[in-house]
Amino acid sequence: MTLSLSLLIAAVCIVVALAGISWLPLVAWLRRRRRTYELAAQLPGPRNLPLLGHFHMFFGLEPWQVPQLIAQLAEQYDGTFKLKMGSNFSLMMFQPRDMEVVLGSSQLLDKAIEYSFLHGWLNDGLLLSSGQKWHRRRKIITPAFHFRILEPYVEIFDRQTRVLIRKWQQTLGHSFDLGHDVHLFTLDVICETAMGVSTNAQTNADSDYVRAVKTISMVLHKRMFNIFYRFNLTYMLTPLARAERRALKVLHSFTEKIIVQRRQELLRANSSTQSSDDTDVGAKRKMTFLDILLQSKIDDKPLTNADIREEVDTFMFEGHDTTSSAIMFFFYNIALYPECQRKCVEEIISVLGNDRETPVTYDLLNNLHYMDLCIKETLRMYPSVPLIGRKVLQECEINGKMIPAGTNIGISPLFLGRREDLFSEPNTFKPERFDVVTSAEKLNPYAYIPFSAGPRNCIGQKFAVLEIKAIAANVLRHYEVEFVGNAEEPPVLIAELVLRTRDPLMFKLKERVL
Ligand code: HEM
């Protein structure tokens with residue numbers, strides 16, 4: 001033992017004795033810590049430094065270099081390796097059989113530490129909550145994604161895509177950043193479906209709400225990749241934290257105002273139709289997520305405005321960035337593979353006909369089977385959520401590995417989707433591999449997890465796929481999509497909470513002749 005450590009322990013002993021503090025919690029903590037280190041020592045991974053752990057390996061890396069380092073380590077350690085950040089251990093797991101245990105478990109449902117950066121906006125909404133609260137909320141929110149609720153939303157998807165198509169008339173012949181416009185489109189869609197109001201982001205990208213959403217995305221990016229912003233204590237003192245607080249005020253007061261208004265509207269409507277026995281509202285008219293939450297009860301008590309706000313804000317976050325990332329990569333892939341674009345268009349015409357004005361409907365979208373394969377393949381190569389994190393609260397065993405309590409588990413749909421042993425030619429866009437009737441490729445369901453899996457999977461996946469199909473069908477009826485850039489060079493990816501590219505992907509549109 002070094003002299004300084006002995007002196008430190010002696011000093012702690014004196015302070016504890018003088019203050020009359022019980023030794024028991026300290027002893028228990030030391031025991032837990034020793035057990036953690038013993039178990040962690042048996043897990044594979046690169047050598048770590050005292051105090052710093054593996055921080056030094058990430059120090060100075062650009063955000064886009066992080067996925068590359070993780071991929072190298074995954075290969076070197078056969079898909080499982082530990083990382084120590086400060087005093088926290090993380091175990092990265094990239095084996096489908098481990099996914100099955102972790103994602104299928106009803107115990108490993110708590111989220112990893114990185115998700116806490118979202119807490120300011122989402123509080124304890126479905127994405128971040130845990131325990132009984134999560135169980136109860138998941139139960140009341142699940143019916144909000146029933147097909148009878150989703151069906152009328154397709155009209156919103158259709159209408160908002162037409163705004164986009166008109167806007168894109170002005171881009172004809174020029175290259176432009178498609179992802180930026182798609183992001184505004186998905187924001188309008190989720191705002192209207194979640195709250196029944198429009199942010200008009202597509203026509204007014206400079207509104208306070210849209211700017212606040214952009215600020216929060218920027219904050220999340222910085223907090224994930226800049227060590228100075230990671231720790232709350234140092235972060236709170238920065239101008240970035242002040243910008244975040246201002247943005248949160250805008251976002252929260254917007255949602256709150258809509259909740260209050262809508263609660264009053266529903267109360268008025270209920271009192272005027274009390275005699276009616278029409279309880280099956282979802283089938284008769286459009287119900288927003290907010291309406292459903294306002295009518296939900298837990299233990300026979302309605303949800304408070306604060307309860308509802310965290311869930312609506314969660315939809316706003318989860319429901320727009322993820323989908324816009326998927327849409328952007330969908331267009332990127334079919335621009336790079338013109339044969340796939342041609343097949344998509346053929347299918348669209350055979351299902352929707354030649355008239356571009358025919359609105360897309362729920363049933364028509366469900367008949368776009370080839371497009372389904374293209375979306376699946378896009379999400380394999382470019383899963384919108386590149387990394388899923390869980391926290392192990394109690395020591396447990398996963399396929400023979402003992403995992404200490406407190407460990408964060410990192411699972412990556414991105415790396416799984418690119419493993420050569422799991423997918424043939426993983427860097428090639430081959431939608432047919434997902435065709436269960438014709439494909440010879442046997443796919444492991446736990447190798448393909450863009451929507452996660454198990455009890456905490458994505459509740460909005462049907463909504464997302466419908467939205468992607470609606471925009472793809474409408475845009476491809478109007479335009480040929482071309483990628484402007486080096487098609488040989490894959491985009492440099494940044495694995496934040498949502499997958500992005502380092503540089504914007506540029507596209508050119510041409511009027512399509514049907
Ligand atoms: C292509 C689009 C989407 C992808 C790839 C995606 C992916 C995911 C993934 C991987 C998770 C699990 C995250 C985790 O365990 O940490 C998740 C959870 C979730 N997603 Fe999605 N998502 C998409 C769209 C949507 C949409 C449109 C909505 C809502 C309208 C939504 C709502 C949610 C919610 C509320 C959760 C938390 C569920 C829970 O913890 O019980 N997602 N999503």
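Modeller: Here's a walk through the helix pair, then the ligand shell. Keep in mind that this is a predicted model, where local features need pLDDT of at least 70, side-chain atom pairs count only at pLDDT 80 or more, and totals for chains, interfaces and linings use all residues. Residues are numbered from 1 along each chain as its sequence is written.

The pair is α10 (residues 178-195) and α17 (residues 305-318), whose axes come within 9 Å and cross at roughly 155 degrees. (Helices are DSSP runs of H or I, at least four residues, numbered from the N terminus; axes are lines fitted to C-alpha atoms over the stretch in contact, with angles from 0 to 180 degrees between N-to-C directions.) α10 and α17 are therefore roughly antiparallel to each other, a label for angles over 145 degrees. On the α10 side, I190, C191, A194 and M195 make the contact, and they meet V312, F315 and M316 of α17; contact here means C-beta atoms, placed from the backbone, within 7 Å. By class, that's 7 nonpolar residues, no polar and no charged ones, with Ala, Val, Leu, Ile, Met, Phe, Trp, Tyr, Cys and Pro counted as nonpolar, Asp, Glu, Lys and Arg as charged, and the others, Gly among them, as polar.

Now for the ligand: α17 turns up again, as α17, α18 (321-336) and α23 (461-478) each supply at least two residues of the shell. There are 25 residues around the ligand, and E318, G319, C458, G460 and A464 come nearest; a residue is near if its C-beta atom, placed from the backbone, lies within 6 Å. The shell divides into 14 nonpolar, 7 polar and 4 charged residues.

Methods. Parallel < 35°, antiparallel > 145°, perpendicular 65-115°, else oblique. Contact = placed C-beta atoms within 7 Å.
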